[in-house]
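Please read the points below with the model open beside them.

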Amino acid sequence: MKKILIVLILLCCSIGIWAQQSVVSLDLINTGKDTLTLTYDPLFLGAKAQKGFFVAASGISDAFQFGIADEGIVDVIFRGKTFHIYLERGNQIIIKIDGKNWTKALQIEGSLSTENMFLQQFNEKFADSFNTAKVFEQMKDIPIDSWEMTLFDAKKAQSDFYKKTPNLEKFSPKFKQYIENQIRWNYWNYLLAYPIVKGNTNTALTKVMALPNTLITDLDTKKLQDEALLSDSYRSFLSYYVTYFNSKAHDYEKYKDQSKSMTDKHNFAREHLPLLSYQYYLAYLLYNNCDKVLPSVARNTFAALSVSSTADAWSKIIKEKCGAVLGSKDVEISKVLEAKDGSFRAVNLKGDSISLSSLKGKILYIDFWATWCKPCIEEFPYSKKLMQAIPNKFKKDIEFLYISVDETEGLWKRGVEKHGLQDGLNLFSQGGWFSDAAKRFKLQAIPRYLIINKKGEILYENAKRPSDPRTLGELIQLLEEK
């Protein structure tokens with residue numbers, strides 16, 4: 001048996017309170033030469049504070065420091081599967097993994113072992129209800145009333161499972177609050193996401209869809225509490241809450257000016273969110289959009305984020321990500337904001353870094369996919385036929401790109417091999433739904449297809465699927481253009 005000891009030093013980096021030390025031990029058996037990864041995101045921005053890679057077969061041991069507040073979620077990633085571990089101050093827990101039966105043989109002992117074993121069962125049972133890509137795919141062709149009923153039924157199933165667990169009375173108060181927040185805000189998150197996602201998908205619409213008032217009258221804004229920030233459902237809800245109700249305040253008009261959008265969202269969040277939730281939202285807004293707005297707007301938003309000493313940690317990471325924009329003049333960046341070449345960097349199967357701008361001069365047909373996405377996989381035979389149908393005289397002028405949003409490079413490479421995608425250009429953008437590709441092209445669901453012309457301009461942000469018989473004709477028409 002290989003035992004790995006990880007020491008998590010609990011630092012309340014976001015609220016300024018020192019916490020006690022917590023120790024997590026991992027017992028791994030029958031793991032061969034597998035790699036295990038620990039990640040922790042104390043600022044909730046998708047920028048992992050630390051990553052520890054442990055090759056079980058060599059018995060490597062090490063100690064890592066993670067900035068964990070009064071409570072936190074640490075991710076244990078093994079063979080492409082992620083286990084969420086709930087921690088409070090002063091915990092001593094042991095996580096046991098048997099490589100021969102690892103998906104079912106995870107055992108947790110010590111502090112909060114009862115809570116964490118329930119968390120694994122809850123997350124396994126309701127995985128699809130918390131998987132954004134799968135939820136958005138399900139949302140695509142369903143009316144709003146039916147969608148609300150679907151979400152209500154899912155919330156009821158989650159709540160019943162939670163309330164009927166025999167160990168409920170043994171759970172710590174903070175853990176109960178965490179689970180209840182996950183259930184409550186998951187419902188509201190995907191209800192408010194409905195008009196936003198629909199509006200982003202249909203670029204022909206000039207207004208965001210208004211939800212029926214009967215569906216949102218039960219939204220209790222008094223339950224918007226900073227203590228809920230640990231819940232990823234709550235954090236995602238904050239974004240859609242601000243986006244939808246700010247849109248409502250402006251007659252549901254879609255924004256053409258991202259700088260105006262950030263200013264209005266900032267003002268709405270200031271009026272309607274509690275302090276820490278407001279600061280988190282500003283950090284999220286800047287982290288994901290600072291390169292799409294004028295520097296003066298980014299600086300104003302950053303100044304509001306920095307006004308409190310409790311925002312120091314968020315301010316630091318925003319400076320690292322957005323420093324160039326914050327230090328620029330509006331005139332220096334205006335041309336950059338107008339650019340539509342779709343540039344971002346990813347790696348190919350050899351590990352080389354590739355940018356889309358390096359492919360300028362070719363027609364690009366881009367397929368965003370993941371190994372868990374069944375509709376994506378069902379399109380692969382058609383995309384292969386599409387490649388073969390391109391006349392030989394045009395083959396040098398077109399590139400078929402498969403860009404994966406899988407969580408790990410290993411999953412991506414195994415998927416490429418399994419589905420025989422080697423004839424196209426395969427790229428991996430690290431970070432899943434927080435990757436450069438997902439952020440740059442505002443991915444809300446997959447499969448998603450995109451066409452870029454020879455000038456590097458995005459022609460179709462939601463192009464037709466390979467199985468659509470019209471796709472070949474559209475590509476050949478573009479290839480024939482001088």
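**Notes on the predicted model**

1. Glu474 and Lys464 form a salt bridge through their side chains, at 2.6 Å from N to O. A salt bridge here is a side-chain nitrogen of Lys or Arg within 4 Å of a carboxyl oxygen of Asp or Glu. The pair links distant parts of the chain, 10 residues apart: Glu474 lies in helix H15 (residues 470-480), and Lys464 in the loop between strand E15 (458-460) and H15. Lys464 is partly exposed, at 26% relative accessibility. The cut-offs are under 20% relative accessible area for buried, over 50% for exposed, and in between for partly exposed (1.4 Å probe, protein chains only). Helices (H or I, at least four residues) and strands (E, at least two) are DSSP runs, numbered from the N terminus.

2. On provenance: this is a predicted model, in which local features need pLDDT of at least 70, side-chain atom pairs count only at pLDDT 80 or more, and totals for chains, interfaces and linings use all residues. Residues are numbered from 1 along each chain as its sequence is written, and side-chain values use heavy atoms, with hydrogens and water left out.

3. A search of the whole structure returns 15 salt bridges. One of them joins the side chains of Glu253 and Lys207 at 3.7 Å, N to O. This pair too links distant parts of the chain, 46 residues apart: Glu253 is in the loop between H6 and helix H7 (258-272), while Lys207 is in the loop between helix H4 (173-201) and helix H5 (213-216). Both ends are partly exposed, Glu253 with a relative accessible area of 37% and Lys207 with 35%.

4. Where do Glu409 and Lys413 sit relative to each other in helix H13? They are four residues apart in H13 (residues 409-418), so about one helical turn separates them. Glu409 is partly exposed at 30% relative accessibility, and Lys413 is partly exposed with a relative accessible area of 35%.

5. Helix H6 (residues 232-249) has 18 residues and reaches 26 Å from its first C-alpha to its last, close to the expected 26 Å. The expected span is 1.5 Å times one less than the number of residues. H6 is mostly covered, with 14 of its 18 residues buried. At the start of H6, a side-chain oxygen of Ser231 comes to within 3.3 Å of the backbone nitrogen of Ser233. After H6 comes Asp251, which has a positive phi, near 60°.

6. E7 pairs with strand E8 (residues 107-110) in the antiparallel sense over four bridges; strands count as paired if DSSP finds at least two bridges between them. The bridge partner of Lys96 in E8 is Gln107.

7. For the whole protein chain, there are 15 helices and 15 strands. Buried residues account for 51% of its 482 residues. Of the contacts (heavy atoms within 4.5 Å) between residues at least 6 apart in sequence, 67% join residues at least 24 apart. The accessible surface (Shrake-Rupley, 1.4 Å probe) is about 23000 Å², of which 51% belongs to carbon and sulfur atoms.

Methods:
Polar contact = N/O pair within 3.5 Å; in protein donor to acceptor, adjacent residues only side chain to side chain.
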